[in-house]
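Hi,

Here is the structure I promised to pass on. Have a look at it first, and my notes on a pocket and a sheet follow below.

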Amino acid sequence: MAELARVDVANGVYWVEAPRADLYVLCGAPADSVKHLMKRGLIAPREANGVHFETGPNAILLSDVLVQNGSFSNLAEFPVLHMLYRQGMLLPNHPNNTGAKPLLIGSREQVRSQLEYIYRGNYGLVSEEELMACGISAAEARRMMQLKLAFAFGRIRPSHELVDTVVVGSDPVELRNGVFLRRCALNVFEFLYRGETLTVDLNLQPYQQYEAPYPLGHYRVDRGYFSIVHSGEGDGWDPNRPAMASVLIFQGKPYLIDAGPNILHSIKSLGIGITEVEGIFQTHAHDDHFCGLPTLMRSDRRIRYFATPMVRASVEKKLAALLGMDESHFQDFFEPHDLKQEAWNEVDGLEVRPCHSPHPVETTVFVFRALGPSGYATYAHLADIVDLQGLERAVQRAGMANGAAVVERARRLYSIKVDLKKVDVGGGLIHGNARDFRGDASGKLVLSHTSFELTPELKEIGCGSTFGAVDELIPACQDYVRDRARHCLASYYPGVPAHEIEMLLNAPIVTFNAESFLMRADEPCRDVYLVLTGEVELLRGGDRGRRTLSAGGLLGEGAAILRKPVAHTYRATSFVQALRIPANVYLAFVQRNGLLPRIADVRERREFLDRTWLFGDSIAYPTQVTLAREMVPHCLIPGHPTSLNGDPAVCLIREGEVQLLLGENVLETLGPGEFYGESTVLHGTPGFFTIRATMPTELYRIPGGVLRHNPVVRWKLLEVYERRMQHILNPTLVAGPVFRWRPEYSTGISEIDEGHQQLFDAANRFHQSVAAGEGAQVLPWILSFLEEFARMHFAREEELLREHAYPGYARHHRLHERLLEALEEWKQVFRESAATPYHELVQFFSNWILEHILTEDHKYGRYLNERGVT
């Protein structure tokens, strides 16, 4: 019998077991990884001594890379919860409560992020001060904190009390009971046990995506006036259904209520493309309602985000922990709109009333209403509510003076009479009980958020629903899909007379089934299609990658104008509705309105953008047109180095070749389709690289203003920025000492630069000592230096920032606090650990220099320079 065994569970997800060592490792933890294990039988129900529980992993190996191919790789909250509660590792008197904790394994950075993300997932906002920062009174914050502590059994526990951790490097480190692990390469790990080895590669291939554990089929959802599409009835443990969620359609526009795991899989199955999503209403920050948010950051526009200030703050802090970013970056990826709690808020004619609901994290239930022929039609969405009897016991246990009022308020809230009510009846400590809704006066009651079949008793209380089922609250008397076609065409062709637009609109709207062809490469172009709903993939011959087109895409335009065969294949990945414009009518429209020169220029640029990594996926047709119109041609002469001063812009190479230089070191050579200038757009700083063309080079400058609020482009720019910053300290690319101060690093403020040079010198001395095997001798000195340097330098920086009213002061102060916390962690590591992770401390220096000094400090440098500080 093998000592080590591996099961390939799904793309990027593996199971490794060493039974004799009692170690069972979930390798890779993307969304719904627990459900994948259930489907493969690796989690199964058991009974011991009359106690029912589940088997499963007791350790999680995290990916080194947080994001792969647009999806998040490390979402360990639910796997950890499974170990603590469904396996029983935390439950008193449980046969599996042996004192062992769930084990998180990975890089120090990813382990730290996951611990904070799990902490925020457990508790949300964790102090009266954080609650009051959301605009509530001190008395109300005190009451809410009492309730939170009642759910937490009296104490908010840091994650390290619930979870053990092991940081993995290139040298083997023991996990448990003689099982060792080492990192062979980025995201490639080797397990070692009793003379056997086993390798796990957590890297996704370029064409791979993480998979959903459940098939959903395909549905055609009408874009009505006011209707509710049921897009999830399960919970975080139901392997066959998405977690509780709904899509609200109002005046033809889809709004998401929560964004749980595999949200893109769900909306694609409903025939809704990401560019159609008008907004998100967020109930709370538990992963089965939250963890789809990061994938929605891959849109080409900031999706509107609706929540109360408390829910938004809870979500921002959890997302910031997951991404390793400051919470202020939330607004880079979403367009937040705060809703007033316990009041009606108007959202483009739809009215929504968020009401606070007792739960371990900040939670609201939503009541929606819209005015129709018979008065108001109403829908209530009650996700993650609580059992009223359980709530009563919790407030009594906590000794809350107003406990009875809290329970009575929740009772009145849950009993609100509406036309359609969807409620959580998952049971247990923190979910609803169907019996609390017996006799509910609503027109229709849908029982949701379960992993079990409804019993006969529950069926008498309320009904169930299925994925894709629709409850129409106000019928539509107009065609919103055709209205969308009119809006798209009018925006694409500004200045063209309305009657000419009507000529194009006098065409049929056709429906394509999922997985059917709209157009095929090399066939004659008979029609031009304007995609109005759903999602289409563009397939290029011999290319394993693909480009996704959502609502607003125009297919076959170039072939119709040039009277050539279709260049690519277009295939529906969901139900698709499209306006089918005859090619001859479209060509006549273009000719009659003198659009050919403008379209030809834009089309050539669009096709170029389409072939680039930066703009070749998830960019809607209207956005591509805007980019194409804003692109400014520019030429570089060979051998003449240039800097990146000037207005923020990305420079996209059309023809030729460019080198990125640091001093005389060539860090990267760029060809057609590649770009530079990301730092000017992301941070408003010119960066540290000099640009030198090796041959006559043509490029396009794309102004930063048209990119700043494009989340998917911003995310890719950030990815490239971080990779290029790593080049700066790469000894294989840069000659001389690794931590070498350069004039390019100057903030323009002499006393700040002097401090930064001291840190560079100290980092270089420590790096050289570690390389010579003398890390132990200099360790006391370097820890003492860092503590003193940080205290003095940060104080002076913050004094300057306050003195000159730097608008980013609060954020910069938070970054300083995090660095000081990290220093304390390092001191503790070297006090308590038998291991000597000197190389990791060198990496900490690298991160401090790259992420703080050369990024954050340079943001304030220009600001202070403009105010005479030098």
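The second largest pocket holds about 1300 Å³ of space. Of the 42 residues lining this pocket, L81, Y85, F153, L429 and I430 are the closest to its centre. Two or more lining residues come from each of α2 (77-86), α3 (108-123), α5 (138-151) and α11 (388-398), and α2 gives the most, with six. By class, the lining has 20 nonpolar, eleven polar and eleven charged residues.

On terms: a pocket is an open set of points on a 1 Å grid over the protein atoms alone, where a 1.4 Å probe fits and protein lies on both sides within 12 Å along at least five of seven lines; lining residues have an atom within 4 Å of a point. The volume is the space filled by probe spheres set on the points. Nonpolar means Ala, Val, Leu, Ile, Met, Phe, Trp, Tyr, Cys and Pro; charged means Asp, Glu, Lys and Arg; the others, Gly among them, are polar.

This is a predicted model: local features need pLDDT of at least 70, side-chain atom pairs count only at pLDDT 80 or more, and totals for chains, interfaces and linings use all residues. Numbering starts from 1 along each chain as its sequence is written, and side-chain values use heavy atoms, without hydrogens and water.

Now the sheet: six strands make an open, mixed sheet in the order β21-β22-β23-β24-β25-β26 (DSSP runs: E, at least two residues, for strands; H or I, at least four, for helices; pairing takes at least two bridges). Strands β24 (375-382) and β25 (420-424) run parallel, joined by four bridges.

Cheers
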